[in-house]
Amino acid sequence: MAGRRAAIKAIDWAAFSERVPSNQRAMFNALKTRSDALSARLASLPEKPPTIDWAYYKATVAKAGMVDEFQKKFSALKVPEPVDTQTAKVDAQEQEATKSTAEYVQASKARIAQYEQELQKLRSMIPFEQMTLEDLHEAFPETKLDKEKYPYWPHKPIADL
Amino acid sequence: MLGGTSGGYLVPPPSSEQGSPNSSYIAENVLELHLRVFVCCLFCKKLNGIFLIIYSILHTKRALHASQQCLAPLPPLPEKGGEVRYGLIPEEFFQFLYPKTGVTGPYMLGTGLLLYFLSKEIYVVNHETVAAACILSVLIYGVKKYGSKVAAFADKLNEEKVATALAVKNDAIKGLETAIEQEKKEQWRVEGRSYLFDAKRNNIAMLLEANYRERLLTVYNEVKKRLDYQVAMQHLKRQKEQDHMIQWVEKNVVQSITPQQQKESIAKCILDLKALSKSAQMTV
């Protein structure tokens, strides 16, 4: 009976549900229904089967030794526990997920830093009333007219006017 | 001092001060060239060409600015221009003359000058004066009447441009802020991955446990079924034996009743009945 009671942790489905993004909602619902079905099945099965009344059978059954034989064999029987093949895979998945999560979080932080930088630049800009055209080109490089690529006025493709 | 105290207008554009020494070289090169050519033309009318060549060879690479240039950002341009009286004469002129001549000083100077020009015919009154007077009066009337409206219109155009630029900037700021928030939210979401794996492991554990219990239950049921079968078989056998015996006994008893016995039993029954009926009549 040693490895039998793998701890069944209580899961906060509400908190879990909050963290699920909308495009993965269907998968989450499937998981939840499966989990609920399994727990219902587990709850419906008794933890230990009822014990057999050997005394009654010994008194009733006429065949000599049959009940004793059954009793001996029954108590000697060890029902094999189902072998757990999948938890290792789940653990491996979790490791992988942790790794990819770390990468994602790092990339996300880099992106946030970049956004913060741009935000800082935008916030510390001088107001438009005090800008010259050169200041504008510095602040928004896309407004600068490319005079090498389009040497003739209006220095940008006509479609962009 | 006149130009110097005019309130810091129109500072020269930044590019010529700051970053591009080459363009300023070119500018002063041309300027210097023109100055030199002018001087040469004044003093040596015959040797202009030679002077041009000599001077352009000698003075090609001298910088105009001697000291380090200041890279501080410029102060913003003032909203309004300097104060003027009568649209022509700056206020600083009046302030300049105020200590010596008081308030009426510049007006006296102006009147005196005007009368001087008229009386000495330095300015000649002819038909162009009349034309000038008419044109100027029309112009001044037009500007005074519609000037503010035109100015407001032009300001509105400018305002719209600035407003669109500002809107773009604000949208960019908002977009960036929402992006940052989204990223933070995604990071928070990702932190909840432990729930998923716990759920999976739970499912596995529940499945295993349920299977184990099912197996135990099956074993119990099977054994019980077999024992119950034995018991039921025994009961059935007993029952059958009993029934059979009863039947056999009944059959034998019925067979053993001979016709003689039957007659005797019938006669006895009739006697009994008569006796009973007598007793019944007597009670009635």
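## Chain A

Contact here means heavy atoms within 4.5 Å. On that basis, residues 24 or more positions apart account for 15% of the contacts in chain A with a separation of 6 or more. The structure is a predicted model.

Chain A contains six helices and zero strands, so its elements run α-α-α-α-α-α from the N terminus on. The chain has 161 residues, and 25% of them count as buried. Its accessible surface comes to about 12,000 Å², with 57% belonging to carbon and sulfur atoms.

## Chain B

Chain B has eight helices and two strands. Along the sequence, these follow the pattern α-α-α-β-β-α-α-α-α-α. Of its 284 residues, 14% count as buried.

Chain B exposes about 22,700 Å², and carbon and sulfur atoms supply 66% of that area. When contacts in chain B between residues at least 6 apart in sequence are considered, 43% join residues at least 24 apart.

## The interface between the chains

The contact between the two chains involves 73 residues from chain A and 56 residues from chain B. Together the chains bury about 6,500 Å², and 69% of this lies on carbon and sulfur atoms. There are 19 residue pairs in polar contact across the interface, counting pairs with both residues at pLDDT 80 or more. On the side of chain A that touches chain B, at least two residues each come from α1 (13-19), α2 (25-44), α3 (54-60), α4 (66-76) and α5 (87-123). Helix α5(A) gives the most to that side, with 20 residues. By type, the residues on that side of chain A divide into 42 nonpolar, 11 polar and 20 charged.

## Salt bridges across the interface

Over all chains, the whole structure holds 18 salt bridges. The count between chain A and chain B is six. One of these joins the side chains of B:E183 and A:R111, at 2.9 Å from N to O.

Another salt bridge pairs B:E214 with A:R41, whose closest N and O atoms are 2.9 Å apart. This pair crosses from helix α7 of chain B, which holds B:E214, to helix α2 of chain A, which holds A:R41. Both partners count as partly exposed: B:E214 has a relative accessibility of 34%, and A:R41 has one of 29%.

B:R201 forms a salt bridge with A:E94, with the closest N and O atoms 2.9 Å apart. The pair runs between chains, from helix α7 of chain B to helix α5 of chain A. B:R201 has a relative accessible area of 22% and is partly exposed, because a residue counts as buried only under 20%.

A salt bridge within chain B links B:E222 and B:R226, the closest N and O atoms being 3.0 Å apart. These residues are four apart in helix α7 of chain B, so about one helical turn separates them. B:E222 is partly exposed at 31% relative accessible area, and B:R226 is partly exposed at 44%. Elsewhere, salt bridges with shared partners join A:K9, A:D91, A:E94, B:D198 and B:R201 into one network.

## B:R215

B:R215 also lies in helix α7 of chain B, which covers residues 193-256. Leaving aside residues up to four places away in sequence, B:R215 touches A:V79, A:P80, A:E81 and A:P82. The side chain of B:R215 reaches the backbone oxygen of A:P80 at 2.7 Å. B:R215 is partly exposed, with a relative accessible area of 34%.

Definitions and conventions
Residues are numbered from 1 along each chain as its sequence is written. Chains are lettered from A and ligands numbered from 1 in the order in which they are written. This is a predicted model: local features need pLDDT of at least 70, side-chain atom pairs count only at pLDDT 80 or more; totals for chains, interfaces and linings use all residues. Side-chain values use heavy atoms; hydrogens and water are left out. Buried means under 20% relative accessible area, exposed over 50%, partly exposed in between (1.4 Å probe, protein chains only). Accessible areas come from the Shrake-Rupley method with a 1.4 Å probe; for residues, only the protein chains shown count as cover. Buried area is the accessible area (1.4 Å probe) that two parts lose on being put together, summed over both. A salt bridge is a side-chain nitrogen of Lys or Arg within 4 Å of a carboxyl oxygen of Asp or Glu. A polar contact is a pair of N or O atoms within 3.5 Å; within protein, one must be able to donate a hydrogen and the other to accept it, and residues adjacent in sequence count only if both atoms are side-chain atoms. Ala, Val, Leu, Ile, Met, Phe, Trp, Tyr, Cys and Pro count as nonpolar, Asp, Glu, Lys and Arg as charged, and the others, Gly among them, as polar.
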